[in-house]
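Please read them with the coordinates open beside you.

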Amino acid sequence: MLSSDEVQDNQLLIGGIPATKLADEFGTPLQVYDVAKIRQQIRAFARVFEEQHVDYAVSYASKAFACVAMYQVVNQEHAHIDVVSAGELATAIKADFPMEKVSFHGNNKSYEELQMAVRHHVGTIMLDNFYEIGLLARVLEEEDAEINVMLRVSPAVSAHTHEFIQTGQQDSKFGFDLLTGQEDQALQLVLDQPRMHLQGVHSHIGSQIFATDGFKIETQKLVQLMKRWRDEFNYTPQVVNVGGGFGIQYTDDDHPIRPEEFVEQILTTLKEETEANDLPLPAVWIEPGRSIAGPAGVSLYRVGSQKTISEIRKYVAVDGGMGDNIRPALYGAAYEAVAADNVHPEKTETVTVAGKYCESGDILVKDAHLPEVKAGDVIAVLATGAYGYSMASNYNRNPRPAVVFVENGKARVVVKRETLADLTHLDVALDEN
């Protein structure tokens, strides 16, 4: 999984800096991002569209990881973002992110969130259900405003991934169902709203997908929807948003294609289908999150206690765990771990890297092949940039780790480490009421 420029003298490097040096300087547990990898992947996506001369937007799905600095990097790369909460939108505002490049997702946006989006002139609201159409109409009337919208549809495409991260199947909480005619009802409602400007249609079939088949079927269904809307409603979408979900490599057992190859398949299918149906080629938006943030992130931990159960298992405990990466406990996500100062050891042992949290399920890597390690050694878990820090918690009243960006051989803190004082600053004592 590691390239030659990420290992020097058997030491793990992140953005050119030894991981052990980063751990010493900033403490552990620590989430570190190689910013060059973030930029490279955004540019790789953009290159596919530009080479095929297709109007596009690469919209970073910021639920994968959001902070002010992340949004600033995305903006520097001229990409868009999508947000799913008032908190993510507030972060984008603080980052001075261009609001016209922001899309607001979510299956249960509140009145306050929609009002906030309208007042800050968010570029596009992704309409997810009938309730939301009415709620947004009310907000727009009260604010005397107009806004761009897109309709999210559920295309009845089941991606080959974990059931918790499938989103495009018919039985989904997201979007208007294509099999029961909900999308036509929604279209008519929006077209009848003078304050809503319908840009097009959106769908998303899931996450951590390795095969292009689902995207090909999704694209074909969206083109058929475009044709029917043109013929029956005299409306042709200007934008088709196919979502994201492009899989990445977490372990040596994963063999994903390059994320941009998904886009190549989508564009090939879209060109063929629109031409066959005498439709104009729409602009294409994608929403990659994991494939941009995931490979760029590394989690650093220090070894503490160890426990050997003869002929069963050896546990190596570290100073983090499910509080900073719940994915292994939540749905069995697998990762690779390396010793930061001995990446390619001559001799290894199979151990279980366990977290410090009071749950038996707090296991980061079940069968890690590591050299013999001792207390104080630094272990790195690779490809943790997506859905690690963004899903972090204060379980057991543990502070969340710091986040560091490394670029051009320089490291800087972009999210401060929480302190013990941070853990109680919202608490109210009984005698204060």
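1. Trp-229 is buried, and Tyr-235 is buried as well; buried here stands for under 20% relative accessible area, exposed for over 50%, and partly exposed for what lies in between, with a 1.4 Å probe and protein chains only. The model is a predicted one, in which local features need pLDDT of at least 70 and side-chain atom pairs count only at pLDDT 80 or more, while totals for chains, interfaces and linings use all residues. Residues are numbered from 1 along each chain as its sequence is written, and side-chain values use heavy atoms, with hydrogens and water left out.

2. The structure holds 13 aromatic pairs. The ring centres of Trp-229 and Tyr-235 are 6.1 Å apart and the planes stand at 55°, so this pair is tilted. For the terms, rings of Phe, Tyr and Trp (its six-membered ring) pair if their centres lie within 6.5 Å, and planes under 30 degrees apart count as stacked, over 60 as edge-to-face and the rest as tilted. Elsewhere, ring pairs join Tyr-33, Phe-65, Tyr-389 and Phe-405 into a cluster.

3. Between β1 and β2 (residues 11-14) the antiparallel pairing runs over 2 bridges, and Gln-8 has Gln-11 of β2 as its bridge partner. Two strands are said to pair if DSSP finds at least two bridges between them; helices (H or I, at least four residues) and strands (E, at least two) are DSSP runs, numbered from the N terminus.

4. Which strand gives the most to the lining of the largest cavity? It is β2, with 3 residues. A search of the whole structure finds 1 cavity of 30 Å³ or more, and the largest cavity holds about 60 Å³ of space. Its lining residues include Leu-2, Glu-6, Leu-12, Leu-13, Ile-14, Asp-34 and Pro-295. A cavity is a set of points, on a 1 Å grid over the protein atoms alone, where a 1.4 Å probe fits but cannot get out, and lining residues have an atom within 4 Å of a point; the volume is the space filled by probe spheres set on the points, which are joined across faces, edges and corners.

5. In helix α1 (residues 19-26) the buried residues are Ala-19, Leu-22, Ala-23 and Phe-26. They cover an arc of only 100° around the axis, which puts them on the same side of α1; the arc is that of the directions from the helix axis to the C-beta atoms. On the face turned away from this buried side, α1 carries the exposed residues Lys-21, Asp-24 and Glu-25. Just after α1, Gly-27 takes a positive phi of about 85°, and the peptide bond from Thr-28 to Pro-29 is cis, with omega near -10°. Pro-29 has its place in the loop between α1 and β4 (30-34).

6. β8 and β9 run parallel and are joined by 4 bridges, with Val-149 of β9 as the bridge partner of Ile-125.

7. Two residues other than glycine have a positive phi. His-121, at about 60°, is found in the loop between α5 (111-119) and β8 and counts as exposed at 61% relative accessibility. Arg-397, with phi near 55°, lies in the loop between β19 (378-382) and β20 (402-407) and is partly exposed, with a relative accessible area of 45%.

Methods. 1 Å grid on protein atoms, 1.4 Å probe; cavity = no way out; pocket = protein on both sides within 12 Å on 5 of 7 lines; lining within 4 Å.
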